[in-house]
Amino acid sequence: MARFTPRMVLFDLDGTLVDSVPDLLVAVNAMQRELGNPERAEEDVRNWVGNGVERLVERALTNDLDGTPDQAAFEAALPVFKRAYAESNGKHSRLFDGVTQGLDFIRSLGLSVGCVTNKASAFTLPLLEQTGLKDHFEVIISGDTLPLKKPDPAPLIYSAGWFHVHPSEALMIGDSISDVKAARAAGFSIVCMSYGYNHGKDIRDFDPDAVIDSMTELAGLVGR
Ligand SMILES: O=C(O)COP(=O)(O)O
Ligand SMILES: [Mg+2]
């Protein structure tokens with residue numbers, strides 16, 4: 001397997017560090033009930049995560065990964081979802097096994113470390129705080145921090161600039177096609193977690209540089 005010697009490592013959040021689907025499911029179904037709509041299944045919600053709050057609400061309303069609801073229905077639903085998610089965020093989420101060890105290992109190498117997520121900042125910071133992860137990151141870029149989010153490379157390139165690191169010395173660790181596309185477009189290396197959310201598809205089919213089952217495996221993969 002490839003060996004990586006980056007100066008900076010960026011971590012995706014949902015599906016990579018934190019299993020956030022239980023909280024998102026509670027919020028989706030609170031929204032659905034309040035709007036008089038049918039509840040959605042956990043396995044569907046799992047496939048809808050990764051493109052930010054707005055896309056999740058659109059998918060939940062239409063019960064379709066590619067769905068676009070009526071604009072008025074979307075505008076009525078979005079604040080309901082945001083209120084419900086502010087309530088559930090962090091309550092049922094848990095770190096995936098190996099995350100603490102993986103983060104500790106990367107930090108022991110003295111590398112610059114950031115978090116780049118498509119989750120809106122109003123939810124990112126409370127979740128990082130509640131899971132005890134916030135202090136691991138020198139930079140946190142949320143889905144609404146910049147005008148463009150993953151799969152656009154902008155948040156990755158911004159982070160590399162922040163740390164004065166060339167993209168060729170940067171590693172992204174994620175779980176989805178958006179992480180792979182953003183990393184490729186930015187000129188980063190990309191390692192993916194096999195357990196994450198990727199819209200129901202196997203992330204191996206999208207050719208990241210490596211796929212691992214636990215962040216404990218980073219010790220055999222990263223560093224000189
Ligand atoms: O879709 C979201 O809100 C967040 O997804 P991400 O943390 O995997 O980028
Ligand atoms: Mg993710």
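## Helix packing, domains and ligand shell

In this predicted model, helix α1 passes helix α4 in a right-handed crossing. Helix α1 covers residues 21-34 and helix α4 residues 71-88, and the two pack at an angle of about 140 degrees with their axes 8 Å apart. Because angles over 145 degrees count as roughly antiparallel and 65 to 115 as roughly perpendicular, α1 is oblique to α4.

On the α1 side, the contact is made by Asp23, Leu24, Val26, Ala27, Ala30, Met31 and Glu34. From α4 come Ala77, Val80, Phe81, Ala84, Tyr85 and Ser88. By class, ten residues of this contact are nonpolar, one is polar and two are charged.

The domain assignment of the protein chain gives domain 1 (8-19 + 93-220) and domain 2 (21-88). Taken over C-alpha atoms, the centres of domain 1 and domain 2 are separated by 24 Å. Across the boundary, 14 residues of domain 1 are in contact with twelve residues of domain 2.

Ligand 1 is surrounded by 15 residues, and the closest are Leu13, Asp14, Thr117, Asn118 and Lys119. Domain 1 and domain 2 both give residues to this shell, so ligand 1 lies between them.

The table sets out the residue classes of the three sets.

| Contact of α1 with α4 | ten residues | one residue | two residues |

Key
Residues are numbered from 1 along each chain as its sequence is written. Chains are lettered from A and ligands numbered from 1 in the order in which they are written. This is a predicted model: local features need pLDDT of at least 70, side-chain atom pairs count only at pLDDT 80 or more; totals for chains, interfaces and linings use all residues. A residue is near a molecule or strand if its C-beta atom, placed from the backbone, lies within 6 Å of it. Domain bounds come from an automatic or database domain assignment. Axes are lines fitted to C-alpha atoms, for helices over the stretch in contact, and angles run from 0 to 180 degrees between N-to-C directions. Helices (H or I, at least four residues) and strands (E, at least two) are DSSP runs, numbered from the N terminus. Angles under 35 degrees count as roughly parallel, over 145 as roughly antiparallel, 65 to 115 as roughly perpendicular and the rest as oblique. A crossing is left-handed if the near helix is turned anticlockwise from the far one by less than a right angle, and right-handed if clockwise. Two residues are in contact if their C-beta atoms, placed from the backbone, lie within 7 Å. Ala, Val, Leu, Ile, Met, Phe, Trp, Tyr, Cys and Pro count as nonpolar, Asp, Glu, Lys and Arg as charged, and the others, Gly among them, as polar.
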